[in-house]
Amino acid sequence: MPMLPAHTLRELVAVVFRAAGAEPANAAVVAESLVATDLAGHHSHGVMRVPQYVGAIREGQLKPNAEPRRVMDEGPLGIIDGGWGFGQVAARAAAEFAAEKAHEHGVSCVALRNSNHCGRIGEYTELVAAEGLAAMAFVTGHGRSGLVAPLGGMARQLNTNPVAFTVPGTEGFPVTFDAATCAAAEGKIRIARNRGESVPEGWFIDAEGRPSTDPNDFVGPPPGALLPLGGVSAHKGYALAVLVDLLAGAVTDAGCSGRHTRNGNAMLMVAIDIARFIPLPDFQRHVRGLVEHLQSTPLAPGATEILLPGEPEHRARQEQRERGIEVDEQTWLQMIEAAESVGLTADELEKFLV
Ligand SMILES: NC(=O)c1ccc[n+]([C@@H]2O[C@H](COP(=O)([O-])OP(=O)(O)OC[C@H]3O[C@@H](n4cnc5c(N)ncnc54)[C@H](O)[C@@H]3O)[C@@H](O)[C@H]2O)c1
């Protein structure tokens, strides 16, 4: 499998998007975001998405040079229209808007609509938290028909509806919970399929409603459906997914999970200036206290340590910055195909491997 240093992979991805028609600045933002996501260990939302975005540009669904616009700006509230450009560019603009407003008003709420796929949602809450703020983001698929079965159902109805929450950390990384409200992000099944691996039971059911671990049963035809988050407590994951859908789809007016076929993301983001409630050093004392309290537990049989949310990503970054990022063969072939479709040659990509 190709193993590339992050900076090489970033350059390669930017070259492909520039060849697909993106201005260098936008190509750089998207390349930076996708590679940062691989570095964080979430390969489901990293460079694996290059062929998807190139395809969306070709089909006219993604306008690579659209500039996000602030179409509503009223006190702590705002709306960003992504102009159907890159989701990474639009979501970054929404996060910057939310942070700016939270500094000014103590709290802010920003809606994002008309955006393509934004990738890893935690990237945007972490951007806000880097300014000493707390952030929450709720995301859905812009009215698209989903991939997740509602509790008790077996067809794809709901989007994977991720949520991300971040507060500034004290251990060298932000404390972030960032995940889909279904058992696993759909991209994780794509990655397993690319690698010829099976997935854990409980992630999805096949078209007949039977549990399966074979990614091909998810893809079909006929296709299977992801299950709500929570296993035996899936009622909570399902209920959470419905609320995320309504916050990100109805409040933003982008549309809830439904019958649309266009691929996109809508987001509702809330930012809070922690310092208006408590001086930051006192907040950090609380964080440290909680970490110590959690880590003071005796370990359960088989467990080796207690981690904080955001810590697995921090460790993955440290490891892959040293070692490089491994791109599986299938993903690499799909990237070459995407590059060739925009006029690059396999040789031009292969030269990044030496
Ligand atoms: N743009 C979209 O439409 C979309 C849709 C779905 C998912 N996503 C993204 O996909 C990515 C993966 O989602 P997922 O549902 O597979 O996430 P996941 O199941 O990998 O869970 C990740 C979260 O769990 C935390 N975590 C993991 N192990 C932990 C441990 N031992 N202790 C404490 N915390 C721990 C991580 O820090 C992280 O916050 C996310 O970045 C999400 O934003 C995007």
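1. First, the ground rules. This is a predicted model, where local features need pLDDT of at least 70, side-chain atom pairs count only at pLDDT 80 or more, and totals for chains, interfaces and linings use all residues. Residues are numbered from 1 along each chain as its sequence is written.

2. The overall build. The chain has 12 helices and 12 strands; these are DSSP runs numbered from the N terminus, with at least four residues (H or I) for a helix and at least two (E) for a strand. Its C-alpha trace spans about 55 × 45 × 45 Å along the principal axes. For 354 residues, a compact globule would have a radius of gyration near 20 Å, and the chain agrees with its 20 Å. That radius is taken over C-alpha atoms, and the globule rule is 2.2 Å times the number of residues to the power 0.38.

3. Burial and contacts. Of the 354 residues in the chain, 48% are buried. Here, buried means that 20 or more other C-beta atoms lie within 10 Å of the residue's own, exposed means 12 or fewer, and partly exposed is in between, with C-beta atoms placed from the backbone. Take the contacts between residues at least 6 apart in sequence: 65% of them join residues at least 24 apart. A contact needs C-beta atoms, placed from the backbone, within 7 Å.

4. Two domains. The domain assignment gives domain 1 (1–65 + 323–354) and domain 2 (66–183 + 227–276); such bounds come from an automatic or database domain assignment. Over C-alpha atoms, the centres of domain 1 and domain 2 are separated by 24 Å. Domain 1 puts 17 residues into the contact and domain 2 puts in 15 residues. On the domain 1 side, helix H2 (residues 24–39) has the largest share, with seven residues. That side of domain 1 has eight nonpolar, seven polar and two charged residues. For these classes, Ala, Val, Leu, Ile, Met, Phe, Trp, Tyr, Cys and Pro count as nonpolar, Asp, Glu, Lys and Arg as charged, and the others, Gly among them, as polar.

5. Where does the ligand lie? It lies between domain 1 and domain 2, because both give residues to the shell around it. There are 27 residues around the ligand, and Arg120, Ile121, Ala179, Ala180 and Ala185 come nearest. A residue is near a molecule or strand if its C-beta atom, placed from the backbone, lies within 6 Å of it. Strand E7 (175–179) and helix H10 (311–323) each supply at least two residues of this shell, and E7 has the largest share, with four residues. By class, the shell around the ligand holds 13 nonpolar, 10 polar and four charged residues.

6. Three strands form an open sheet in the order E9-E8-E10, with antiparallel pairing. Strand E9 (211–212) and E10 are at the edges with a single partner strand each, so one side of each has no neighbour in the sheet. Strand E8 (residues 204–205) pairs with E9 over two bridges, in the antiparallel sense; at least two DSSP bridges are needed for two strands to pair. Ile205 stands opposite Pro211 in E9.

7. Two cis peptide bonds to look at. The bond from Gly220 to Pro221 is cis, with omega near 0°, and the bond from Pro221 to Pro222 is cis too, with omega near -10°. Pro221 is in the loop between helix H7 (215–219) and strand E10 (225–226), and Pro222 is found in the loop between H7 and E10 as well.

8. Trp84 has phi near 60° and lies in the loop between strand E3 (77–81) and helix H4 (87–105). Is Trp84 buried or exposed? Trp84 is buried, because 20 other C-beta atoms lie within 10 Å. Asp253 has a positive phi of about 65° and lies in the loop between helix H8 (234–251) and strand E11 (265–273). Asp253 is exposed, as 10 other C-beta atoms lie within 10 Å.

9. Glu350 is in helix H12 (residues 346–350) and is exposed, with 12 other C-beta atoms within 10 Å. Glu350 and Pro2 are 348 residues apart in sequence, yet 9.8 Å apart in space, C-alpha to C-alpha.

Conventions. Two residues are in contact if their C-beta atoms, placed from the backbone, lie within 7 Å.
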